[in-house]
Amino acid sequence: METLDLARYFADFINRYGAENVQILQAQNSKMFDYLIVCTAPSKEFAQNLLVDLLSYAKNEFNQINSGLEGYKKAEWIIVDYGKLLVHILSPQNREKFCLEKLWN
């Protein structure tokens, strides 16, 4: 499956889950990955539950297992590494502070 297609499926899942401002960004200048999904989680518990359900969805539907995961415990900025696709689940404060859209667009 193409990375962009996988990103679209993941973004759709995350959007249906109820995360806010879900975006797929192309990482044009990165040699490590091609796309990022960025979304805002309204609470720590929401972010943690979204992550657990996304991991299950990725494995069960697409046989995709992440190769890295950071930030679950604090849940202020969770990063999930799927090789050429990274998923960022951010708190509203970190989404505003770091503005990944400006960095990658």
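Let's start in helix 1 (residues 3–17), where arginine 8 and aspartate 5 sit three residues apart, about one turn of the helix. Helices here are DSSP runs of H or I, at least four residues, numbered from the N terminus. Arginine 8 and aspartate 5 form a salt bridge, their closest N and O atoms being 3.9 Å apart; the term asks for a side-chain nitrogen of Lys or Arg within 4 Å of a carboxyl oxygen of Asp or Glu. Arginine 8 counts as partly exposed because its relative accessibility is 49%, and aspartate 5 does so at 32%. For the cut-offs, buried means under 20% relative accessible area, exposed over 50%, and partly exposed in between (1.4 Å probe, protein chains only).

A word on the model itself: it is predicted, so local features need pLDDT of at least 70 and side-chain atom pairs count only at pLDDT 80 or more, while totals for chains, interfaces and linings use all residues. Residues are numbered from 1 along each chain as its sequence is written, and side-chain values use heavy atoms, with hydrogens and water left out.

Searching the whole structure turns up three salt bridges. Another of them joins aspartate 12 to arginine 16, with the closest N and O atoms 2.9 Å apart. Aspartate 12 and arginine 16 are four residues apart in helix 1, so about one helical turn separates them. Arginine 16 counts as exposed because its relative accessibility is 56%. Then there's arginine 95 with glutamate 101, whose closest N and O atoms are 2.4 Å apart. Arginine 95 is buried at 8% relative accessibility, and glutamate 101 is buried too, at 13%.

Now for the rings. The whole structure holds nine aromatic pairs, meaning rings of Phe, Tyr and Trp (its six-membered ring) with centres within 6.5 Å; planes under 30 degrees apart are stacked, over 60 edge-to-face, and the rest tilted. Tyrosine 9 and phenylalanine 62 make a tilted pair, 5.1 Å centre to centre with 40 degrees between the planes. That pair ties together distant parts of the chain, with tyrosine 9 in helix 1 and phenylalanine 62 in helix 2, 53 residues apart. Tyrosine 9 is partly exposed at 42%, whereas phenylalanine 62 is buried at 18%. Phenylalanine 13 and tyrosine 17 are also a tilted pair, 5.9 Å centre to centre and 40 degrees between the planes. Both of these residues lie in helix 1, four residues apart. Ring pairs link a cluster that includes Tyr9, Phe13, Tyr17 and Phe62.

Key: Helices (H or I, at least four residues) and strands (E, at least two) are DSSP runs, numbered from the N terminus.
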